[in-house]
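Dear colleague,

Please find below the structure that I am handing over to you. My notes on its strands, crossovers and salt bridges follow.

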Amino acid sequence: MKEVRLMNGVVMPAIGFGVYQIPKEDTKRCVLDALEVGYRSIDTAAAYFNEREVGEAIRESGLPRESVFVTTKLWVQDYEYDDALRAVEKSLSELGLDTVDLVLLHKPYGNYYAAWRALERFYKEGRIRAIGVTSFSDERLQDLFLHNEEVKPAVNQIETHPFRQQQKSNEFLKAEGIVHETWSPFAEGQKGIFTNPVLVRIAQAHGKSVAAVILRWLNQRGVVVIPKSVRRERMAENLNILDYTLSPEEMGAIATLNEEKSPIYDENDLATVRGIGLHKIHD
């Protein structure tokens, strides 16, 4: 899977480059390296504080604007309608772009109905080519599109990796025509994922890294991936995953690793939800 077509016809690369946790001072170099290696999709967010550097890298790359798919995200603090309008304008300004390809609601907290209506406005004006969400459960996502019928979310970016495979969500999203995209495909290195015996055995059989096997497994399931790295050689390794295919037996072996529980944080923990929901990224 090299690309996916969103429900409105917009084409999105199936393998992108994420800049979460890349420091501002390293972001431009990393994005330039990623674009030179061959990535044509860059994922950032207002809450990552590196939108400006992403935009600078895209311009300095010399690539035509239309050849690079750019995603950013609106933070919970800005979910009131007028705040959302201002926040999207700020993201466009930071990126230095007239239009952005995909804007996502970053978390399912706060007044995301108002924020969604703001994204719909930019979408109708043609300044956002597609809109979607991040970390929405199936229930909250369904509730959102049932009560906001003008524009259905095109993407849901959710934590997906061998230990939390999101099988039911994958089926639901496919049935609804919504693209399943992953954040944290490597589970942030938790639970010894890079030394897991099942993954190591499959990686050795193909002469690939464990990371490449995880990304190929996701890709074969129809999940869009946006791995992050600050090392150029690792970027190339993460991008070049389409020259082999995992067998049904190998896909089945990886399926046995599923625990459907996040090793990163508990979405049902009240303190965690409160912390995320009230986190401010600006005054």
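Is Glu 125 buried, partly exposed or exposed? Glu 125 is partly exposed, at a relative accessible area of 46%; here, buried means under 20% relative accessible area, exposed over 50%, and partly exposed in between, for a 1.4 Å probe and protein chains only.

Please note that this is a predicted model, in which local features need pLDDT of at least 70 and side-chain atom pairs count only at pLDDT 80 or more, while totals for chains, interfaces and linings use all residues. Residues are numbered from 1 along each chain as its sequence is written, and side-chain values use heavy atoms, with hydrogens and water left out.

Salt bridges

Glu 125 forms a salt bridge with Arg 121, at 3.4 Å from N to O; the term requires a side-chain nitrogen of Lys or Arg within 4 Å of a carboxyl oxygen of Asp or Glu. Both residues belong to helix H4 and are 4 residues apart, so about one helical turn separates them. Helices (H or I, at least four residues) and strands (E, at least two) are DSSP runs, numbered from the N terminus. Arg 121 is also partly exposed, at 39%.

In the whole structure, the search finds 21 salt bridges. Another of them joins Arg 127 to Glu 89, with the closest N and O atoms 2.8 Å apart. This pair connects the loop between H4 and E7, where Arg 127 lies, to helix H3, which holds Glu 89, across 38 residues.

Arg 232 and Glu 36 likewise meet in a salt bridge, at 2.9 Å from N to O. Because Arg 232 lies in helix H9 (residues 232–239) and Glu 36 in helix H1 (residues 24–37), the pair ties together parts that are 196 residues apart in sequence. Glu 36 is exposed, at 54%, whereas Arg 232 is partly exposed, at 35%.

Strands around E6

Strand E6 (residues 102–105) directs Leu 102 and Leu 104 one way and Val 103 and Leu 105 the other, and all are buried. E6 pairs in the parallel sense with strand E5 (residues 69–74) over 4 bridges; pairing requires at least two DSSP bridges between two strands.

E6, helix H4 (residues 112–125) and E7 form a right-handed β-α-β unit.

Terms used: A crossover is right-handed if, with the strands pointing away from the viewer, the path from the first strand over the helix to the second runs clockwise.
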